[in-house]
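Reader: Can you walk me through this one? Keep it quick.
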Amino acid sequence: MASKAIKRRPCSSESDKTSEKRMETTVSDPVTEPLLGNGPHEEKNKRYEPATRSDFWDGTREECLRWAHLLSIFIAQSARKIVNALSEFGSLIARLFGCSSAPQSSQNGQTVPLNLSPLQVERLKLLRQRLDVPYDCSSVKHQDALKELWRLAYPNRQLPPLKSDLWKDMGWQNSDPSTDFRAGGFLSLENLIYFARNYPDSFHRLLHKAEGKRAEWEYPFAAGGVNISYMLVQMLDLQSGKISTKAGVHFVQLLEDDEVAFDNLFCVAFQVLDAQWLARRASYMEFNEVLKSTRVQLEKELTMGCISSVQDLPSFRMLKR
């Protein structure tokens, strides 16, 4: 409501003593709201004169300026909200079409990806093909890979025959390492080789149990690695036709920028397992329990919501090259 300027003219008995007084008031409802100063104790013979034209326009101008200021604040706040909304919408579009779709809840409470980029589809396909390859002791390629692992683990030691008790030094449970691969398959051997090549410091510290107070009956390093590979496959639900675990959904998103994300995750998992082993002061018979707690820790880190690569996992910091 526009502001009206009102002059109060004193009674005739006061006209010679005081000069004319002016005051302004905002009248929002002339019926229900009393005028400023017109309280119950005011003299009944007081009269108010209409505002002059200059006073009316002065009040109107001030009111307009006030509303203009409020309007400018409203526009600025609205603009910020619109910019934030557009930014969030752009991020959503990028996730939908650039990498992969946002997870969607399924009937069993898990999440499944809606879409994958062509690159993610291709890399997931290649990873699943690796899962299907068992270790073949008659394959020259597989034999050479096993020999390569020995050379990386013991660069100053002579390579033993493929069947020798010396393989037990690495943590194979039998003189013939091929009997230990089982569910891990050839992929687990590739994981161990990748670990030795890319994070040799961490690899050798874990191989030689160089840190912490160790148990008298330690977990076997190489066989432990095979179990870690198999645990990751189960955790990420890689063998099913449609990934249905939250950890698996988040992991597949990492394939967009890292084609060896699984191998890197293996290295992190091995480091986490050893750290939990030491924290629990575990021994051989507790290996499965430590492996389970390792899985829980990795699932938690993968689903944090701010992970765009394996290198972003908090436990990745424990790895040393």
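Predicted model: local features only at pLDDT ≥ 70, side-chain atom pairs only at ≥ 80, totals over all residues.

Reader: How many helices and strands does the chain have?
Author: Nine helices and five strands. These are DSSP runs numbered from the N terminus: helices are H or I, at least four residues, and strands are E, at least two.

Reader: In what pattern along the sequence?
Author: β-β-β-α-β-β-α-α-α-α-α-α-α-α.

Reader: Now the helices. How do α4 and α8 cross?
Author: At roughly 75°, with the axes of α4 (residues 185–198) and α8 (residues 261–280) coming within 9 Å. The axes are lines fitted to C-alpha atoms over the stretch in contact (heavy atoms within 4.5 Å), with angles from 0 to 180 degrees between N-to-C directions. So α4 and α8 are roughly perpendicular (65 to 115 degrees).

Reader: Which residues meet there?
Author: Among them, Leu 187, Tyr 194 and Phe 195 in α4, and Phe 262, Phe 266 and Phe 270 in α8.

Reader: Switching topic. What lines the second largest pocket?
Author: Gln 173, Pro 220, Ala 223, Gly 224, Asn 227, Tyr 284, Met 285, Phe 287 and Asn 288. A pocket is an open set of points on a 1 Å grid over the protein atoms alone, where a 1.4 Å probe fits, with protein on both sides within 12 Å along at least five of seven lines; lining residues have an atom within 4 Å of a point.

Reader: Which helix gives the largest share?
Author: α6, with three residues.

Terms used. Residues numbered from 1 in each chain as written. Heavy atoms only, no water. Parallel < 35°, antiparallel > 145°, perpendicular 65-115°, else oblique.
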